[in-house]
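Visitor: I'd like a close look at one part of this protein, the charged side chains that pair up. Could you start there and then show me what lies around them?

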Amino acid sequence: MYAPERQQEILRLARDGGRVDVVSLAEEFQVTAETIRRDLKALDRAGLVQRVHGGAIPAGRLDFEPDLAEREGTAADEKDRIAQAALAELPSDGTIVLDAGTTVARLAAAIPLEAALTAVTHSLPIAARLADHPGIQLHLVGGRVRHRTRAAVDAWALRAYGEIRADVLFVAANGFSVEHGLTTPDLAEAAVKRAAVAAARRVVLLADSTKHGQEHFARFGDLSDVDLLITDTGLSPEDALAIERKGTEVLRVPGTEPLSGSATDRTNGRKDRS
């Protein structure tokens with residue numbers, strides 16, 4: 001296949017799927033990662049895609065937002081490992097806020113039956129997962145429900161988060177980076193996330209490494225607002241160090257080794273925000 005033909009196919013894949021990544025494209029077209037990077041660079045220069053960390057998105061699609069079913073299947077193994085690692089951050093007999101997000105939903109599903117917690121969420125799927133949990137006092141935040149994410153937004157949700165103070169928030173983001181902070185495609189969801197951050201003493205970001213370097217339309221905070229980032233080892237040590245310099249602790253969950261908080265995977269950043 002000639003380069004123009006390959007680039008046309010890459011563009012089609014980007015438009016159909018919302019994004020493409022270098023590793024998958026290299027495997028699909030049986031070429032090197034460097035060849036794919038040159039293709040993406042050429043498409044970027046032509047204004048057809050925008051390069052992001054590890055791949056590209058269609059040009060003009062900073063507001064692109066995949067639906068819930070598509071996000072559930074993206075980086076599924078990494079999300080499961082991140083959720084398992086996040087269990088260690090649950091407070092004992094405390095209060096948690098669970099943001100809308102597929103990795104946070106995996107955490108909700110993994111909470112042990114013996115756990116005794118007060119949980120607050122504006123996510124309908126997360127509330128459904130926790131409704132029958134014997135040890136959880138569940139509070140569902142109301143508001144207008146966005147079809148794409150099944151999350152409550154707008155004034156009711158903002159007012160509810162303004163009236164509480166939780167021990168830990170488990171928050172999701174569509175993109176995160178040192179330069180652009182925490183972003184998501186929708187302004188209404190960004191406002192609710194911002195209110196949830198303000199309502200918690202400690203903020204834990206659950207985000208797989210494919211979201212690093214992505215930038216979306218609505219910004220809801222800085223990485224310095226996050227006490228702990230739990231991600232996978234797809235985030236390079238260099239990128240983790242840059243985040244740590246912002247004062248955020250980083251836990252990179254390995255894929256083939258037992259989960260641990262070893263010095264090679266975790267460094268100490270900020271502590272509880274009282």
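Visitor: Which residues are linked with Arg146 in a network of salt bridges?

Guide: Arg146 is linked with Asp186 and Glu189 in that network. Before we go on, keep in mind that this is a predicted model. Across the whole structure there are 11 salt bridges, so let's visit a few of the others.

Start with aspartate 80 and arginine 106, whose side chains meet in a salt bridge at 2.7 Å, N to O. This pair ties together distant parts of the chain: aspartate 80 sits in helix H5 (residues 76–86) and arginine 106 in helix H6 (residues 102–110), 26 residues apart. How hidden are the two partners? Aspartate 80 has a relative accessible area of 37%, so it counts as partly exposed. Arginine 106 comes out at 13%, which means it is buried.

Now try glutamate 89 and arginine 202, which meet in a salt bridge at 3.3 Å, N to O. Here the partners are 113 residues apart: glutamate 89 is in the loop between H5 and strand E4 (95–98), while arginine 202 belongs to strand E12 (residues 200–206). Glutamate 89 is buried, with a relative accessible area of 13%, and arginine 202 is buried with a value of 13%.

Next, look at arginine 219 and aspartate 222, a salt bridge whose closest N and O atoms are 2.0 Å apart. Arginine 219 is partly exposed at 42% relative accessible area, and aspartate 222 is partly exposed too, at 33%.

As a general background, nonpolar side chains in soluble globular proteins tend to be buried together.

In H1, the residues Arg6, Gln7, Ile10, Leu11 and Ala14 are buried. They cover an arc of only 140° around the axis, so they lie on the same side of H1. Turned away from that buried side is the face with the exposed residues Gln8 and Asp16. The buried residues of H1 pack against E1, H2, H3, E2 and E3. Just after H1, glycine 18 takes a positive phi of about 90°.

Helix H3 (residues 33–45) has 13 residues and reaches 18 Å from its first C-alpha to its last, close to the 18 Å expected. Its buried residues are Thr35, Ile36, Asp39, Leu40 and Leu43. Their arc around the axis is only 135°, which puts them on the same side of H3. What covers them includes helix H1 (3–17), helix H2 (22–29) and strands E1 (20–21), E2 (49–52) and E3 (55–58). Just after H3, glycine 47 takes a positive phi of about 80°.

Stepping back, the chain has 10 helices and 15 strands, and buried residues make up 49% of its 274 residues. Of the contacts with a separation of 6 or more, 61% join residues 24 or more positions apart.

Last, how far should you trust the picture? The mean pLDDT of the chain is 87, and 87% of its residues reach 70 or more. Residues 257–264 fall below 50, and beyond near neighbours in sequence this stretch has nine contacts in the model. Residues 268–272 stay under 50 as well, with 15 contacts beyond four places in sequence. Where pLDDT is low, the predicted coordinates should not be read in detail.

Note on methods:
Residues numbered from 1 in each chain as written. Heavy atoms only, no water. Salt bridge = Lys/Arg side-chain N within 4 Å of Asp/Glu carboxyl O. Helix = DSSP H or I, 4+ residues; strand = E, 2+ residues; numbered from the N terminus. Buried < 20%, exposed > 50% of the residue type's maximum accessible area, 1.4 Å probe, protein only. Expected span 1.5 Å × (residues − 1). Arc of directions from axis to C-beta. Contact = heavy atoms within 4.5 Å. pLDDT = per-residue confidence, 0-100.
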